[in-house]
Amino acid sequence: MTDGEDKAMKRHAAISVFLILSFFALPSRGVDVESLIEPLGSSDESSRRAAYQALVEQGPEVLERLFQAMDPEQKTLNLWARNTAERIVHNAGSPGAEPQRVQAESALLSVIQSTYPRQTKEFALRLLARIGTERSVPILAEVLNDKIHRETARCTLVMIPSRKATASLVKALKGTEDPNWKVALINALGERGDAAGRSPVLKALQDENREVRLAAISALGRIADGKSVSALWKVWEKDDSSEKAAATDALLNAAEEMSRSPKKEKEARKIYDRLQIAERS
Amino acid sequence: MGGIPMSVRITRRWFMKQAFRSAGLGICITGSSAWARGISPNDKIGIGIVGVGGMGTQHLRVLLRNPGAHIHAVCDVDQARRDEGKARVDDAYRNADCFSCNDFRDLLEQPGIDAILIGTPDHWHIPISIAACKAGKDVYSEKPLTHTINEGKALIRVVQRYGRVFQTGTQQRSSREFRFACGLARQGKLGKVHTAELHLPTGGSTGWVPDTDPPPGLDWDLWLGPAPWAPFNQARHPGGFRSFWDYSGGALTDWGAHHADTAQWGLGTDDTGPIYAEGIGVLPADGIAETFDTFNVTLTYANGAKIVTKHPEHGVRFIGSAGWVHVWRGGIEAEPADLLRETVEIDNEQITMDPTKQQDWRVWASPAHHQNWLQCIRTRKRPVCHEEIGHRSITVCHLANLCMRLGRKLQWDPVKEEFVGDDEANRYLFRPYRPPWRL
């Protein structure tokens, strides 16, 4: 046997071993997952817990199969499929588990884009709030147009640390006339406290609906930058007592936020000084 | 949520505090917190009660017996409970004057109400507390005080900004046995205290119940309030809300709120918290309950002391290098037993369990939890379980739940009140409210 033939043989053997291992490994994983789903709904508690543990160890690749198993009519299976999915997502959110997080995020987005029952999609949206990243934003922005799921999508976007999440909420706010939905979106922008969300909130100060105006006042206190504070002073100077009081509270929130930054301490001090003068008079 | 009545003024003390924080300099303020109405010793304190179910009714009974308080109004989203609450008050006062309403915002606008007591499900404690403080009311809120850690931070800001008197309903602080046990721990009578065991009941499971329409007379949307929308289910109301994460933290924040508060008191950590949380929780085997059935958590403080959860006894056991004391509702044990003959000092008060050394319990700062609150409303002092203590104590329970939910050891920074190096855990510090509610 020549050296070349020897090398070819070795390569062939290695490939064969890989293929054989793959043959057993991949199908056995599939078989294992299916065989573990049924015990999740078993009346025997130890079987359920064993299946839960085994599926958790499989990681995010079994997430979609777990969502398929979430049948509200099969109560125990539904409960344990949810418990298992939640644990897998939390594990994927651990520091240093980036590949698992990416995989879990993809699986959740896939569920959100598919035709699952309402409760199942809602559950996927809520799990996405825990680990979602900028990659989820375009899909969540679409869900903001869906009246059934938009509220949960809004809450999920609040949690995602990305300017694109702010932009999607801004776009939704600009596109709605529904005062209740406006309040929801303004509250979300306030929660995020991102100056990129300021512009439509400023506009909402002029809204004909009082609740929208009050939401905008509160949100500006949390965005807490110079332009927000200027707008709040204008509200504060008006005669409307409820808006003035809300503006006072928002200004104080802004001052507290600003006082955490050495660069903004002077601006915070100005707010305290002016409100104190008003308090004395 | 509505704005703040213009009659409510920001406290001078709060302004001073913020000014010092902001600029590091003192400033001259001549104004006063004139808004705080003085209540003379002969005046009755006007009370409104929000939530008159199980715990709310117990509070109502206690306050009806208190000569220093007068219940003007009751509020509940469940009409049957509301009507029953009003009937109790009217029967006690022999009139029909008690105002009753579905929405707490209507109660806050009633004249004559100085303070409110909150006995609602857990997820409502903070939204109502904050609205009440902004409306110029003093507050007693049932435990667990908060549903998320950031709710507690927001509450502290509002209570202090508006100069309100706030009491958390962790009444073991007003118990002689618990006070004594904490005194033993704090004064070194147990040697170096290394462990506080929280002995807690299990959470149990809730059987499967189908969703239905809400029963007549129940304002289900307002019951849900800031929580995500969910169909009505009898497992959630009445009474089962503690099995669901959207409304509660389960057994750990229910009884844990009491015992973690005692542990924090005895360990001398009222103004801080653990730095690590680690544990395993077991989910209910079946039914629709979500919160943990059993749990085994260890929370570690910067000085090495630990809080450890145990089932199924009740109470708190402080274990030190020279002995232990175990205290529960109605009893106390110690090893060596002679520890129970000690006289200890805690919070500037001396206390003994020795029957040969009788003490006048009534002269202590908090002979009874409601009484302490009412007294502080008159004096404008801070109650024994004020907002910061309540927040720090329940934070211990939230950390315990979170390390189990996330399935990993968590590092906590008790100064910044953030998890260290764990973005996902930090997302659990708050939750967006369902509109129109906001924090």
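**View 1. Confidence in chain B of this predicted model.** Chain B has a mean pLDDT of 91, pLDDT being the predictor's confidence in each residue, from 0 to 100. In chain B, 91% of the residues reach 70 or more. Residues 23-36 of chain B stay under 50. For this stretch the model has 33 contacts beyond four places in sequence, a contact being heavy atoms within 4.5 Å. Where pLDDT is low, the predicted coordinates should not be read in detail. The model scores ipTM 0.91 and pTM 0.92.

View 2. Helix 2 spans residues 45-58 of chain A; helices (H or I, at least four residues) and strands (E, at least two) are DSSP runs, numbered from the N terminus. Its 14 residues reach 20 Å from first C-alpha to last, close to the 20 Å expected at 1.5 Å a residue. That expected span is 1.5 Å times one less than the number of residues. Arg48(A), Ala51(A), Tyr52(A), Leu55(A), Val56(A) and Gln58(A) are buried. They cover an arc of only 145 degrees around the axis, so they sit on the same side of helix 2 of chain A. The arc is that of the directions from the helix axis to the C-beta atoms. An α-helix has 3.6 residues a turn, so residues three or four places apart point the same way. The face turned away from the buried side of helix 2 of chain A carries exposed Ser46(A) and Glu57(A). Buried means under 20% relative accessible area and exposed over 50%, with partly exposed in between (1.4 Å probe, protein chains only). Just after the helix, Gly59(A) takes a positive phi of about 80 degrees.

**View 3. Surroundings of Trp236(A).** Trp236(A) belongs to helix 13 (residues 226-236) of chain A. Its relative accessible area is 10%, so Trp236(A) is buried. Beyond four places in sequence, Trp236(A) contacts Lys244(A), Ala247(A), Thr248(A), Leu251(A), Arg274(A), Leu275(A) and Ala278(A). Trp236(A) and Thr248(A) are twelve residues apart in sequence, yet 6.7 Å apart in space, C-alpha to C-alpha.

**View 4. Asp422(B) and its contacts with both chains.** Asp422(B) lies in the loop between strand 17 (418-419) and helix 12 (423-426) of chain B. Asp422(B) is buried, with a relative accessible area of 5%. Its side chain reaches the backbone nitrogen of Ala425(B) at 3.0 Å. Beyond four places in sequence, Asp422(B) contacts Gly93(A), Pro95(A), Arg408(B) and Leu410(B).

**Notes.** Residues are numbered from 1 along each chain as its sequence is written, and chains are lettered from A and ligands numbered from 1 in the order in which they are written. In this predicted model local features need pLDDT of at least 70, side-chain atom pairs count only at pLDDT 80 or more, and totals for chains, interfaces and linings use all residues; side-chain values use heavy atoms, with hydrogens and water left out.

Technical notes. Polar contact = N/O pair within 3.5 Å; in protein donor to acceptor, adjacent residues only side chain to side chain.
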